[in-house]
Amino acid sequence: MVLLQVSLLLSASTPGPYREAGQADVTEDLIRRNAEHNDCIIFSLEELSLHQQEIEKLEHIDKWCRDLKILYLQNNLIGKIENVSKLKKLEYLNLALNNIEKIENLEGCEGLTKLDLTINFIGELSSVKTLQCNIHLKELFLMGNPCADFEGYRQFVVATLQQLKCLDGKEIERSERIQALQSYPAIKQQIREQERAYCCRRAQEKEEAQKKLEDEQGTKGKKKSRPGYDGRWYTDINTALPPSLESQELLPTTETGEDRCKEKVSEMEEDLAFWNKPSSFTPESRLETLRHMEKQRENQEKSREKKKVKPPRTLITEAGKALNVNEPKLDFSLKDDEKRNQIILDLAVYRYMDTSLIDVDVQPTYVRVTVKGKPFQLVLPAEVRPDSSSARRSQTTGHLVICMPKPGCLLAASQMWTQLCGSTEKGLWSQAAWVYRCLSPSVAA
């Protein structure tokens, strides 16, 4: 059966919950992260969902989660049923959409009542005999497997597993079981011949897949061990290089935008060719699809790394002129308080932002506030005194309020006192004390 690599092969492409990139092993951390409904306690888990995790091998679950009753493992890349025989309490096992080719190692699951093996690669239909030990098994799903296309498939399963009540979602009637048992010897021989033909076909598919993999690895190896630009070896350091190579040495090796564009187009063409290529639906083709998607993810990560880092924003020109910048895009208001002779900046920083993420720098001609690494800079309409400036957060709005006194207030106060007290020594000392109290509200209080 030849199919395009469509949604079925893309089963691993849709990320499931907590899916990790690449092949995922069944680790304690993975199980804990999927056990939030049980406070991340795994030894008492009764239900566990590890679907769409790109798991290729079953392990550890029967040791760590002995009390499991429901286990979801659908939409992975599991090739063999193993390491679940100690799950005595397991009632429902979902292994749909995997790479399983044989039913095995389920004899120890004494409480199993429902088994879902939909859309796998089970061709050995006779392996259902291993489920005869599971006396409580009532429901079995094998649709979408190669064995489901065998002539006499349903009759064989109904006659072999007499404890079954439902097969592929269809209830088994008493008359159907009687007929299946009556024709069982002939059907058994028929199934055996079809199994033999399928096994031969699978062996051929595996051989072709192995040969294809070796060819691809050989091609990659040749590309990596390319002798030189013109395909020849140059081992003698005294031998002059061809003129074409000598001229190439003088060219810059930096990657241009055109080169990156060509590389991207090449990758897109390669990806399109992969998905348009006809392919048999086999475990090997599903694994090949996974490897291709892993390669795509790696290329995407590399392309992100290659992106140029955004240059820092210019805050001060080469001529020393400060610029107005609002990179965090915050609302603000600037007020000239003539009564107190100061400039007040009200910056609408985020109400619940931690103050440790805000940095304030007041200069005579501008003020700069860095909010989470993003600069806000404003040129002031008049010169201020940085050493007397203050900054605080509003208790109600969370806004940052910066008060910047103008230096003119000191001169105005000094002139006013001179007019009142004169220029005597005593008057000068009183003048200094009064100015100090004017500029220091806390002292005045």
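**Close-up views of a predicted model**

**View 1. Strand 17 is covered on both of its faces.** Leu400, Ile402 and Met404 on one side of strand 17, and Val401, Cys403 and Pro405 on the other, are all buried (buried means under 20% relative accessible area, exposed means over 50%, and partly exposed is in between, with a 1.4 Å probe and protein chains only). A quick word on names: helices (H or I, at least four residues) and strands (E, at least two) are DSSP runs, numbered from the N terminus. And a word on where this comes from: the model is predicted, so local features need pLDDT of at least 70 and side-chain atom pairs count only at pLDDT 80 or more, while totals for chains, interfaces and linings use all residues. Residues are numbered from 1 along each chain as its sequence is written, and side-chain values use heavy atoms, with hydrogens and water left out.

View 2. The order of the strands is 11-12-17-16, and the pairing is antiparallel (two strands pair if DSSP finds at least two bridges between them). Strand 11 and strand 16 stand at the edges with a single partner strand each, so one side of each has no neighbour in the sheet. On average, and ignoring direction, neighbouring strands here are turned by 15° against each other (axes are lines fitted to C-alpha atoms, for helices over the stretch in contact, and angles run from 0 to 180 degrees between N-to-C directions). What holds such strands side by side? Strands of a sheet pair through backbone hydrogen bonds, either parallel or antiparallel.

**View 3. Strand 12 and strand 16 both pair with strand 17****.** Strand 12 (residues 342-347) runs antiparallel to strand 17, with six bridges. Look for leucine 345 opposite isoleucine 402, and for isoleucine 344 with its bridge partner, cysteine 403. Strand 16 (residues 390-393) is also antiparallel to strand 17, and four bridges join the two. Here, arginine 392 stands opposite valine 401. Strands 16 and 17 make a hairpin with six residues between them, and glycine 398 in the turn has a positive phi of about 80°.

View 4. Six bridges join strand 11 (residues 332-337) to strand 12, and the two run antiparallel. Aspartate 336 of this pairing stands opposite isoleucine 343 in strand 12. These strands make a hairpin with four residues between them, where asparagine 341 takes a positive phi near 55°. As for cover, five of the six residues of strand 12 are buried.

**View 5. Helix 3 crosses helix 4.** The axes of helix 3 (residues 153-160) and helix 4 (residues 174-182) come within 8 Å and cross at roughly 95°. That makes helix 3 roughly perpendicular to helix 4 (angles under 35 degrees count as roughly parallel, over 145 as roughly antiparallel, 65 to 115 as roughly perpendicular and the rest as oblique). Helix 3 brings Arg154, Gln155, Val158 and Ala159 to the contact, and helix 4 brings Glu176, Arg177, Ala180 and Leu181 (contact means heavy atoms within 4.5 Å). Sorted by type, the contact residues are four nonpolar, one polar and three charged (Ala, Val, Leu, Ile, Met, Phe, Trp, Tyr, Cys and Pro count as nonpolar, Asp, Glu, Lys and Arg as charged, and the others, Gly among them, as polar). Seven of the eight residues of helix 3 are buried, so this helix is largely enclosed by the rest of the structure. Among the buried ones are Tyr153, Phe156 and Val157.

View 6. Cysteine 199 is partly exposed, at 36% relative accessible area, whereas cysteine 200 is exposed, at 53%.
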